[in-house]
Amino acid sequence: MAYVNTKEILEKASQEFYAVPALNINNLEFLQVIIEAGLEERAPVIIETSEGAIKYAGNGNILRGAKLFVDMVRAYADTIDIPVALHLDHGKHFEFIMAAIKAGYSSVMIDASEYPFEENLKITKKIVEIAHSVGVSVEAELGRLVGIEDNVIVEEHEAALVDPDEAAEFVEKTGVDFLAPAIGTSHGAFKFKGAAKLDFDRLKKVKNLTNKPLVLHGASSVPQEIVKLAEEYGANFKGAKGVPSEILKEAVRYGINKVNTDTDLRMAFVAGLREFLAGNPAEFDPRKYFKTSKEYVKKVIKDRMRLLDCANKA
Ligand SMILES: O=C(CO)COP(=O)(O)O
Ligand SMILES: O=C[C@H](O)COP(=O)(O)O
Ligand SMILES: [Zn+2]
Ligand SMILES: [Zn+2]
């Protein structure tokens, strides 16, 4: 009933100036809490899986993994009344992209950002043709994800960030539905060596020139209370640092509509797991020992939905 094309969710977000978190999953438990958070906040939901997640779910069989995710997500989406989309994150191999399309994903990302501009454009255009012919929307990436260090935009970093004029040409020639411009974030739990800083001038130009929904990768904020809690129970996350909430909010103001989030969910889950196991050494039922993990992940998601202003938009 409410399984939708990702484009639908993001075009509305772009027109109304809010963003939707795109949340990575590898298993059932994360899906359950994402759906609960979406329902409780009345927020549209974007679930995404990496190529690694598909391989993991299918135990090595790509099409089996992709189908499992579609079945699992649709089993929830089809019985609720908020929009839910399933997206392939960082599709780099034709095989994974085709498997996702064939299995019934709502959208795919073609990430050919490591290739020179013309090559990226050519590869992306091809995928857009295939995906659009069966009603699947497409995300692409321009520039490479690197952190901006110590408040200074060093030359080599600048070269890795998106070129706004290229972005306009790219969107026009490929027909891509949403674009991930590199503006200074990076993946994982260790994002900035100095102060967190994104290139908002670049972001504003990309939005003006493309007028498309835009995607921020590497957007986890790595909440320090979660880091602290996990470390209290034995984790070592020394130096973990994310994109502060205020900066995420500012990014939304300048045109970001999809906020890719994986690290924060993983961190919250493991903090809860460590805490629960430390306090319940005799427990061995996964439905019980995932309880605190699921609570913490859900809280992170609900907070993020409110921060990005997609709560009450479903
Ligand atoms: O960009 C991401 C998935 O595509 C996730 O980024 P984080 O590592 O910041 O969560
Ligand atoms: O962007 C990367 C996501 O965090 C997925 O990472 P993964 O390849 O470990 O599943
Ligand atoms: Zn990439
Ligand atoms: Zn990413």
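Q: Where is His90 found, and why does His90 count as buried?
A: In this predicted model, His90 is found in strand 3, which covers residues 84-91. His90 has 23 C-beta neighbours inside 10 Å, and the label asks for 20 or more, so His90 counts as buried. Beyond residues up to four places away in sequence, His90 touches Ser50, Glu51, Met109 and Asp111.

Q: What makes Asp89 buried, and which residues does Asp89 touch?
A: Asp89 also has its place in strand 3, and UniProt, in an unreviewed entry, puts the feature "active site" at this residue. With 23 C-beta neighbours inside 10 Å against a threshold of 20, Asp89 is classed as buried. Leaving out residues up to four places away in sequence, Asp89 touches Asn24, Glu48, Thr49, Ser50 and Met109.

Q: Why is His217 called buried, and where does His217 lie?
A: His217 lies in the loop between strand 7 (214-216) and helix 10 (224-232).

Q: What makes strand 5 and strand 6 a pair, and what covers the faces of strand 6?
A: A pair needs at least two bridges; 4 bridges join strand 5 (residues 137-142) to strand 6, and the two run parallel. Glu139 stands opposite Phe178 in strand 6. In a regular strand, side chains alternate between the two faces of the sheet. Strand 6 (residues 178-181) has both faces covered, with Phe178 and Ala180 buried on one side and Leu179 and Pro181 buried on the other.

Q: How do you know that the span of helix 14 agrees with its number of residues?
A: Helix 14 has 17 residues (291-307), which at 1.5 Å a residue should span 24 Å; its end C-alpha atoms are 25 Å apart, which agrees. Among its buried residues are Tyr296, Val300 and Ile301, and the buried residues of this helix pack against strand 1 (20-24), helix 2 (28-41), strand 8 (256-261) and helix 12 (263-279). After helix 14 comes Asp309, with a positive phi near 70°.

Q: Which residues have the most contacts inside the largest nonpolar core?
A: The largest nonpolar core has 94 residues, and those with the most contacts inside it are Ile34, Ile47, Ala100, Val108 and Leu179. Among the residues that Val108 touches are Leu88, Ile97, Ala100, Val136 and Val138.

Q: Why is the protein called as compact as a globular protein of its length?
A: The protein has 14 helices and 8 strands. Its radius of gyration is 19 Å, close to the 20 Å that the globule rule gives for 314 residues, so the protein is as compact as a globular protein of that length. Of the 314 residues, 50% count as buried, and residues 24 or more positions apart account for 74% of the contacts with a separation of 6 or more.

Methods:
Residues numbered from 1 in each chain as written. Chains lettered and ligands numbered in written order. Predicted model: local features only at pLDDT ≥ 70, side-chain atom pairs only at ≥ 80, totals over all residues. Expected span 1.5 Å × (residues − 1). Buried ≥ 20, exposed ≤ 12 C-beta atoms within 10 Å, placed from the backbone. Contact = placed C-beta atoms within 7 Å. Rg over C-alpha atoms; globule rule 2.2 N^0.38 Å. Core = buried A, V, L, I, M, F, W, Y, C linked by C-beta atoms within 7 Å. UniProt positions renumbered as here; feature names shortened; annotations may be inferred.
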